[in-house]
Amino acid sequence: MKIKILSAFALLFIASMTIIYSCKKKSTTTSTSADYVGSWSTTSHCTSSMSYVTTISANGASAVVLTNFHASSSTNGYTLSATISGNSITIPSQLVSNAQGSNPCTFSGTGTLSPPSSLSINYTASSGGTLSCTATCTK
């Protein structure tokens, strides 16, 4: 009889914990273009390091524009379009010229946002040769 009572209490405890856990609110944090918007201190590592400020602006709910990206000075960066999905950013392959209208280059890449202030992008830049780069961005 004692074992049956203990078993019943154990079963009741397990059932109660299952119900309590299933009622717990689940986290559904998802980044939007607003999380990417702003000025980012950026360091790109390719064959050498470049430090610059990239500005990201919203271009709809799931797209952004990166201005002054892959810049060796404040006046020769590139403007790239990118799509976002949660904490992932994708730079589709695109041929663009720098801010001075010269040095056409093809960019593509992917990255991850770690809200609120860290963004890492692995990308390629091709112009006569291909560079594999990593951009580390902080707000």
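Leaving aside neighbours within four places in sequence, Thr42 is in contact (heavy atoms within 4.5 Å) with Met50, Ser51, Tyr52, Thr54, Ala135, Thr136 and Cys137. The model is a predicted one, in which local features need pLDDT of at least 70 and side-chain atom pairs count only at pLDDT 80 or more, while totals for chains, interfaces and linings use all residues. Residues are numbered from 1 along each chain as its sequence is written, and side-chain values use heavy atoms, with hydrogens and water left out.

Thr42 belongs to strand β1, residues 38-45, where strands are DSSP runs of E with at least two residues, numbered from the N terminus. The side chain of Thr42 makes a polar contact with the side chain of Thr54 at 3.4 Å, and a polar atom of the Thr42 side chain lies 3.2 Å from the backbone oxygen of Trp40. A polar contact is a pair of N or O atoms within 3.5 Å; within protein, one must be able to donate a hydrogen and the other to accept it, and residues adjacent in sequence count only if both atoms are side-chain atoms.

Buried means under 20% relative accessible area, exposed over 50%, and partly exposed in between (1.4 Å probe, protein chains only).

| Residue | Relative accessible area | Class |
|---|---|---|
| Thr42 | 2% | buried |
| Tyr52 | 7% | buried |
| Phe69 | 0% | buried |
| Phe107 | 1% | buried |

Definitions and conventions. Helices (H or I, at least four residues) and strands (E, at least two) are DSSP runs, numbered from the N terminus.
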